[in-house]
Amino acid sequence: MDLVHRPRRLRRSEPIRTLVRETKLSAGELIAPLFIKEGRGLREPIDTMPGQFRLSSDELVRESEELWELGVRAVNLFGYSTKKDDGASEAYNPEGVIPNAVRTLKKALPDICVQTDIALDPYSIHGHDGLVIEGEVANDETVDVLCRMAVVHAEAGVDWVAPSDMMDGRVGAIRDALDEASKPHVGILAYSAKYASCFYGPFRGALDSAPRKGDKKTYQMDPANQREAMREIALDIEEGADVVMVKPALPYLDVIARVRAQFDVPVAAYNVSGEYGMIVAAAERGWIDRDKAILEALTSIKRAGADMILTYFAKEAARLLGE
Ligand code: PBG
């Protein structure tokens, strides 16, 4: 054949493929989500997420040191709590599981970027991200509680708070509350386009936080919508988000790509628990190669346009990247 263009020329050897590779993944852009529980020496396996654990603060330090050595320099903490009430009061207890863990971790590893989840679901009996008033998740009343929670976490020493609740106006309110509390340097990683997804199932098992009644469709987004995600992102940026997030990641790569194209702020993507579970389960059955699937999935999320990725594979991926 008389061909001018033979794209295969650039795929002939690994050195050539490396030269022309468009997307390179590195440990420094991964964020490890970790589940924290009160106690000492606790490393409790999570049934719904094989390979993940509920950690006490001392174990959190050990885990974070390991991550740090591998090049992962950011953790995102979720609190496991048995102290649940209708007002989610444990969410803003300055001596609660998360503020204590943040202080312990920052003492041991002052430079690690510590992020904390801001939402009420692990601390409420009903399992919703906000306060339930007369059968509805009440927006403005919830925002007040989220602001208290964010300030408590800021005072404990977090670098970023990460509101995952999807209430309207919470980014702006949290920004004001942080500034008023003299914490202008604390950043906001906003779950801006968070979909009402079935892929959060294993996570809710980890925190025992599934909604007791109903679903989260009155605040999390309809999976069918892309334009609405752009509105949510634009609003959060206006309100002061430092980083915006799309969640989940793999079923929403089109959303990540469009956010990347349309906005100039850093974009995070959350490779959620169900995405983790699909790879773990298929690999367990011998249907896919676990290591290759992890790197391919994370590379795809980066290729779509994410600057940083929250993933339960952070440690494993960092190890693979270092090999
Ligand atoms: C709740 C929250 C959820 C996740 C992060 N924060 C679950 C939900 O919205 O029900 C999901 C993370 C995952 O599935 O890995 N505020």
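Let's start with serine 182, which sits in the loop between helix H5 (170–180) and strand S9 (187–194). This is a predicted model, so please keep that in mind throughout. Serine 182 is not a glycine, yet its phi is positive, about 60°. Most residues other than glycine have a negative phi. At 54% relative accessibility, serine 182 counts as exposed, because the cut-off for that is over 50%.

There is another residue of this kind to show you. Glutamate 134, in the loop between S6 and strand S7 (136–138), has a positive phi near 50° without being a glycine. Its relative accessibility is 81%, so glutamate 134 counts as exposed.

While we are on backbone geometry, where is there a cis peptide bond? Lysine 247 and proline 248 are joined by one, with omega at about -10°. Most peptide bonds are trans. Proline 248 belongs to the loop between strand S10 (243–247) and helix H8 (253–262).

Lysine 247 takes us on to the ligand. Of the 18 residues that surround the ligand, Lys247 is among the closest, along with Arg204, Lys216, Ser273 and Tyr312. An N or O atom in the side chain of aspartate 129 lies 2.9 Å from a ligand nitrogen. For the side chain of serine 164, the distance from an N or O atom to a nitrogen of the ligand is 2.7 Å. With tyrosine 312 the ligand atom is an oxygen, 2.6 Å from an N or O atom of the side chain. And how much of the ligand does the protein bury? Taken alone the ligand exposes 400 Å², and the protein buries 100% of that.

Now have a look at aspartate 121, in the loop between strand S5 (113–118) and strand S6 (131–133). Is aspartate 121 buried or exposed? Its relative accessibility is 5%, so aspartate 121 counts as buried, the limit being under 20%. Leaving out residues up to four places away in sequence, aspartate 121 touches Gly127, His128, Asp129, Phe203, Ser209 and Lys216.

Next, helix H11, residues 314–322. Its buried residues are Ala314, Lys315, Ala317, Ala318 and Leu320. The elements covering them include strand S1 (30–36), strand S2 (43–45), helix H2 (57–70), helix H10 (290–304) and strand S12 (308–311).

Glutamate 316 pairs with arginine 290, with the closest N and O atoms 2.7 Å apart. That pair links distant parts of the chain, since glutamate 316 is in helix H11 and arginine 290 in helix H10, 26 residues apart. Glutamate 316 is partly exposed at 23%, and arginine 290 is partly exposed at 26%. Lys315 belongs to a network of salt bridges with Arg43, Glu63, Glu66 and Arg319.

Let me finish toward the start of the chain. Glutamate 14 and arginine 21 meet in a salt bridge, 3.1 Å from N to O. Both are partly exposed, glutamate 14 at 38% and arginine 21 at 36%. Valine 20, in helix H1 (residues 14–20), is partly exposed as well, at 38% relative accessibility. Together with Leu10 and Leu19, Val20 makes a nonpolar surface patch of about 310 Å². Thanks, everyone!

How values were computed
Residues numbered from 1 in each chain as written. Predicted model: local features only at pLDDT ≥ 70, side-chain atom pairs only at ≥ 80, totals over all residues. Heavy atoms only, no water. Helix = DSSP H or I, 4+ residues; strand = E, 2+ residues; numbered from the N terminus. Buried < 20%, exposed > 50% of the residue type's maximum accessible area, 1.4 Å probe, protein only. Contact = heavy atoms within 4.5 Å. Patch = residues over 30% accessible without salt bridge, like charges linked within 9 Å, V, L, I, M, F, W, Y side chains within 5 Å. Areas by Shrake-Rupley, 256 points an atom, 1.4 Å probe, with all protein chains shown as cover. Salt bridge = Lys/Arg side-chain N within 4 Å of Asp/Glu carboxyl O. Near = heavy atom within 4 Å. Polar contact = N/O pair within 3.5 Å; in protein donor to acceptor, adjacent residues only side chain to side chain.
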